[in-house]
Amino acid sequence: MLMDVKLGQLGSWLAMRDFTPGGILGAIRRGYDRYYNKYINVRKGGLGGISMVLAGYIVLSYAWSYSHVKHDRRRKYH
């Protein structure tokens with residue numbers, strides 16, 4: 001995992017990763033499975049996992065439309 005890598009070992013760790021389309025899809029699938037098993041597929045589920053997805057969606061949609069929002073900020077409507 002990336003959290004266990006020291007800064008000096010980062011280059012060799014990145015060199016060992018699989019950057020083919022299959023490797024990237026596998027990493028996304030593993031990340032989704034970890035998220036699902038940790039926050040969604042639990043005995044006493046709460047709103048934590050769903051609210052994290054919603055918050056992520058809000059942040060990404062704001063980031064995607066930031067250039068449009070930035071230009072509208074200084075317009076005068078009169």
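Is Leu 7 buried or exposed? In this predicted model, in which local features require pLDDT of at least 70, side-chain atom pairs count only at pLDDT 80 or more, and totals for chains, interfaces and linings use all residues, residues are numbered from 1 along each chain as its sequence is written. Side-chain values use heavy atoms, with hydrogens and water left out.

Leu 7 is exposed, with a relative accessible area of 76%, where exposed denotes over 50%, buried under 20% and partly exposed in between (1.4 Å probe, protein chains only). Leu 7 lies in the segment before α1.

The chain contains four helices and zero strands, arranged from the N terminus as α-α-α-α; helices (H or I, at least four residues) and strands (E, at least two) are DSSP runs numbered from the N terminus. Of the 78 residues in the chain, 8% are buried. The accessible surface of the chain amounts to about 7,600 Å², and carbon and sulfur atoms account for 64% of that surface; accessible areas were computed by the Shrake-Rupley method with a 1.4 Å probe, and for residues only the protein chains shown count as cover.

Helix α2 spans residues 21-40 and has 20 residues. From its first C-alpha to its last, helix α2 reaches 27 Å, close to the 28 Å expected at 1.5 Å a residue, the expected span being 1.5 Å times one less than the number of residues. Gly 23, Gly 26 and Tyr 35 are the buried residues of α2, and their cover includes α3 (48-64).

Leu 7 also belongs to a nonpolar surface patch of about 820 Å², made together with Leu 2, Leu 10, Leu 14, Phe 19, Ile 24, Leu 25 and Ile 28. Such patches consist of residues with over 30% relative accessible area and no salt bridge, nonpolar side chains (Val, Leu, Ile, Met, Phe, Trp, Tyr) being joined within 5 Å and like charges within 9 Å; a salt bridge is a side-chain nitrogen of Lys or Arg within 4 Å of a carboxyl oxygen of Asp or Glu. Both α1 (10-15) and α2 supply at least two residues of the patch, and the largest share, three residues, comes from α2. Ile 24, located in helix α2, is partly exposed at a relative accessible area of 40%. Contacts of Ile 24 (heavy atoms within 4.5 Å) are with Asp 18 and Phe 19, not counting residues up to four places away in sequence.

The unreviewed UniProt entry annotates residues 46-66 as "transmembrane region"; such annotations, given in the numbering used here with shortened feature names, may be inferred rather than shown by experiment. Over residues 46-66 the chain is 86% helix and 0% strand, with the end C-alpha atoms 31 Å apart.
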